[in-house]
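Subject: Structure handover

Hello,

Here is the structure for your own work. My notes on it follow below.

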Amino acid sequence: LLHYNGVAWSKDSVVVSPPEGSTFQLSSIARIPSGEMFLLGSAYEAVPPQMVLRWTYYFFRREHDRWILHDTFVRNEGERDGKWGASKLVVLPGGLLYSVDSYGLFQWNGTQWLRRYSHINNTATVFGTGVNNLFVGGAYGLLAHYDGTNWYEYADLVRHNTHYVGGWVDETQAFVLGWVDGEKTVVLRGR
């Protein structure tokens, strides 16, 4: 982990004690308009005797120029529930912090994560103009829109071989980025 102060780079550190024999990694970092910073990490290990994978997920908050462990949860192979989306942090217009993962879409309310959307398919991305205009995308052509009241899933865009991984939206149009069969890029545009 490196920190740039506007002039030079310096090493930063995260103090954590992952399970013995596990592999630890940091996956996402974000800063909200108030200046607060957040960081996600995870450790995975193979648990004997069946060598089942177990993940420990970490949520850090930057306080007084140090990364402080704020919360953790453990998930075993095959389980799909979590406290937050452990793979990606996203700050959307309005300054709200979201996280996404196979567990769905979560919103940080300042003290805890609130689940906003979940689906049987993995959720990979969130984009939007604010709390009343959100899109989520993910595996098997998952694309859904939230209008502030209801979620609408675009069933006509569901494709077994398509994975939506990013997007951009304003009040009049949306672009969705994805890939097909891991080989072709697809960009959708909607109005």
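Which residue of β10 is the bridge partner of Leu105? The bridge partner of Leu105 in β10 is Tyr117.

Before the rest, two remarks on conventions. This is a predicted model, in which local features need pLDDT of at least 70 and side-chain atom pairs count only at pLDDT 80 or more, while totals for chains, interfaces and linings use all residues. Residues are numbered from 1 along each chain as its sequence is written, and side-chain values use heavy atoms, with hydrogens and water left out.

Overall picture

The protein has 17 strands and 0 helices. Both are DSSP runs numbered from the N terminus: helices are H or I with at least four residues, strands are E with at least two. A compact globule of 191 residues would have a radius of gyration near 16 Å, and the 18 Å of the protein agrees with that; the radius is taken over C-alpha atoms, and the globule rule is 2.2 Å times the number of residues to the power 0.38. Along the principal axes, the C-alpha atoms fill a box of roughly 50 × 45 × 30 Å.

Of the 191 residues, 40% are buried. Buried stands for under 20% relative accessible area, exposed for over 50%, and partly exposed for in between (1.4 Å probe, protein chains only). Taking contacts (heavy atoms within 4.5 Å) between residues at least 6 apart in sequence, 32% join residues at least 24 apart.

On charge, there are 16 positive and 18 negative side chains, and the centres of the two sets lie 3 Å apart. Lys and Arg count as positive and Asp and Glu as negative, without His and the chain ends; each charge is placed at NZ of Lys, CZ of Arg, CG of Asp or CD of Glu.

Hairpins

Strands β9 (residues 104-108) and β10 (residues 113-117) run antiparallel and are joined by 4 bridges. Pairing requires at least two DSSP bridges between two strands. The hairpin they form has 4 residues between the strands, and Gly110 in the turn has a positive phi of about 105°.

Strand β13 (residues 143-146) takes part in two pairings, described next. With β12 (residues 133-138) it is antiparallel over 4 bridges, and Val136 has Ala144 as its bridge partner in β13. That hairpin has 4 residues between the strands, with Tyr140 at a positive phi near 55°. On β14 (residues 151-153), β13 pairs in the antiparallel sense over 3 bridges, and here the bridge partner of Ala144 is Glu153. This hairpin also has 4 residues between the strands, and Gly148 takes a positive phi near 100°. Within β13, Leu143 and His145 point one way and Ala144 and Tyr146 the other, and all are buried.

Backbone points to check by eye

The loop between β4 (37-47) and β5 (52-63) holds Pro49, which is joined to Pro48 by a cis peptide bond with omega about 0°. Met51 is in the loop between β4 and β5 as well; Met51 is not a glycine, yet has a positive phi of about 60°. Its relative accessible area is 48%, so Met51 counts as partly exposed.

His64 sits in the loop between β5 and β6 (66-76) and has a positive phi of about 50°, although it is not a glycine either. Is His64 buried or exposed? His64 is exposed, with a relative accessible area of 77%.

Regards
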